Structures are given as structure tokens and as C-alpha cells.
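Subject: Structure for you to look at

Hi there,

Here is the structure I promised to send over. Could you open it alongside this message and follow along?

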Amino acid sequence: MNEQPTILNIAGVNKRFGGLQALTDVGITIKQGQIYGLIGPNGAGKTTFFNVITGLYQPDTGTFELAGKPYSPSAPHEVAKAGIARTFQNIRLFGEMTALENVMVGRHVRSKQGVFGAIFRHNAAREEEASIRTRAQELLDFVGIGKFANRTSKFLSYGDQRRLEIARALATDPQLLALDEPAAGMNATEKLALRELLIKIKQQGKTVLLIEHDVKMMMALCDRLMVLEYGKPIAEGLPAEIQSNKAVIDAYLGGSH
Ligand SMILES: Nc1ncnc2c1ncn2[C@@H]1O[C@H](COP(=O)(O)OP(=O)(O)OP(=O)(O)O)[C@@H](O)[C@H]1O
């Protein structure tokens, strides 16, 4: 079998907030090159699970493996170093910086000299800086906003800011790209463009974990999906399996979602 290697393997995640059991025994296995979707009603625990995977929340229990190596989701920068890059529901760019600078910041996670080297501008840092700049421009071109490289990012359109966030995440050369509601607030044209971008990212062999409320888009885009309800996985499988799953229809698809 030419089965793809496993990129993310997480098991037994529990997370409690005071009296609320936000996640109960949640696990996930994502293979290289997949677009994997996480769906479910509001408050089901999708973002909490994302935050646990990416080191923002400490889980009560759980085991975590990225590309076959255990990783500890103890802090976001550790997770980024391990090879997971993420975007947020609410755009988090450096608004006063240009688009190019925002991507360059992402790239510095992987640079030898790091941010301090770049600030103090040692000779070696200067050379590395030039290659970071070139790569950042390539990434802006890749996501389709290359012509806005020198625009202050807060002046970009909403859809373009979302693309910029993805470029910045890609700049870390992640093993896994985790996107939390990237289509939120987008119009139909922007959504279509986002869909095309995600397909392009997949074609490059990248692995993507995606939370998104647009079920139609998720069914068309994802290789596999997991459905959460009240912090528990109620179904996992191919889009066609999810769409015809009775528990999912009752909890999510059949209602007003
Ligand atoms: N930091 C927190 N402190 C307390 N409760 C929280 C915290 N974060 C999330 N919760 C609760 O955990 C539950 C799951 O929320 P979560 O945001 O993960 O759901 P979601 O599936 O991402 O929802 P949405 O689709 O609305 O974004 C909710 O009841 C929420 O109120």
C-alpha cells in the first residue's frame, strides 16, 4: 500500500474549564498531504481543540506526535518550532508593518540568526535577511498578493489580509498548517479564491487542518472530516460518509447551520 505517512497523531485529549468539560477523549490522525476538516455546532470545542494542539491551552490529558516525533504543546513558540503553523479566527497581523515584513517575521522562526540577529544586522544576518526577503516575496506571489508586498498590511482588503496570514504561516515551512475559520467574513468571490489557494497548498504536498463553518466548502475541499458535538467526536470519515451520517445530520447538518 502506498499509504502516506502520518503527520499529526493525537489521542486522548481532555480539557476542562472549571465545571465545563470542553473536550472529552478527542483524538485525530492526519496523513501527509491531506486537508482535514474539523466541523460541528457553535461551542462544540473546535477552537479549544485547535488551541490545545497549538500550545495556547494546556490539555488535562493527551498524547501528541508530529511527523512521528512526540511534541509537547506547552507553548505556541515550541509548537511553531516543532512544525505547526496556525492562523486565528480574528486576523492577527502586524497592522503597521508591510505585507512583506509580516511574512519575513514568520520566516525568522526558521532563521539561524533569529530576530535579534536581524535587528543587530551582523554580516551573516544581512545575507540571511536577503534570502528571507526573497522567500517572503515568493510566498506573497504564491498566495496571490505579491503586488501588495510594500503595502501597510492594515490597508489590505479583508480577503487579502487572510491570504497574508496564510503566507506568514507558510513562511515557517510547517509540517502542518492549521487554519481557524479562514473564510469567516469573506464574500463569495474571496471564498472561491481561498478554496483555490488551499488546493494549491495541498498540491505542494502540504498538510492542512481546517476549521470552517461553510459546510459546502468543507465537503468539497476536505479529504477527511471530524465532527465534534459538546466536546466529543461524533463522526470521522470521508465527506460522503459524514454527509450521510445520522448522528451528524441530527446534531449539525440537518438544523439551521
Ligand atoms: N478560555 C475559556 N474559558 C472557559 N470556557 C471556554 C474557554 N474557551 C472555550 N470555552 C468554552 O468551551 C466550549 C467550546 O468552545 P469552542 O470555542 O472551542 O467551540 P467552537 O466549536 O470553536 O465554537 P465556534 O464554532 O463558535 O467557534 C464553549 O462552551 C466555550 O464557552
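Strands β6 (residues 84-87) and β7 (residues 176-180) run parallel and are joined by four bridges. Before going further, please note that this is a predicted model, in which local features need pLDDT of at least 70, side-chain atom pairs count only at pLDDT 80 or more, and totals for chains, interfaces and linings use all residues. Residues are numbered from 1 along each chain as its sequence is written. Strands (E, at least two residues) and helices (H or I, at least four residues) are DSSP runs numbered from the N terminus, and two strands pair if DSSP finds at least two bridges between them.

Within that pair, Ile84 has Leu176 of β7 as its bridge partner. Along β6, Ile84 and Arg86 point one way while Ala85 and Thr87 point the other, and all are buried (20 or more other C-beta atoms within 10 Å of a residue's own; 12 or fewer would be exposed, in between partly exposed, with C-beta atoms placed from the backbone).

Both strands belong to an open sheet of six, in the order β6-β7-β8-β3-β9-β10, with mixed pairing. Its edge strands are β6 and β10 (232-237), each of which pairs on one side only. From one strand to the next, the twist averages 15°. Elsewhere in the sheet, β3 (residues 35-39) and β9 (residues 224-229) run parallel with four bridges between them, and Tyr36 stands opposite Arg224 in β9.

Two helices to look at next: α1 (residues 46-53) packs on the sheet, touching β3, β6, β7, β8 (207-211) and β9, and its direction makes about 145° with that of β7. Helix α10 (residues 246-253) also packs on the sheet, where it touches β3, β9 and β10, at about 120° to the direction of β10. The angles run from 0 to 180 degrees between N-to-C directions, with axes being lines fitted to C-alpha atoms, for helices over the stretch in contact. Contact here means that the C-beta atoms of two residues, placed from the backbone, lie within 7 Å.

Now the ligand. The residues around it are Phe17, Leu20, Ala22, Gly40, Asn42, Gly43, Ala44, Gly45, Lys46, Thr47 and Thr48 (near means a C-beta atom, placed from the backbone, within 6 Å). β2 (20-31) and α1 each supply at least two residues of this shell, and α1 gives the most, with three. By class, the shell has four nonpolar, six polar and one charged residue. Ala, Val, Leu, Ile, Met, Phe, Trp, Tyr, Cys and Pro count as nonpolar, Asp, Glu, Lys and Arg as charged, and the others, Gly among them, as polar.

On the domains, the assignment gives domain 1 (1-83 + 174-257) and domain 2 (96-168), with bounds from an automatic or database domain assignment. Their C-alpha centres lie 27 Å apart. Nine residues of domain 1 are in contact with eight of domain 2. On the domain 1 side, α2 (76-82) and α7 (188-203) are the elements that give two or more residues, and α7 gives the most, with four. That side has six nonpolar, one polar and two charged residues.

Leaving aside neighbours within four places in sequence, Pro182 is in contact with Thr87, Arg162, Leu194 and Glu212.

Best wishes
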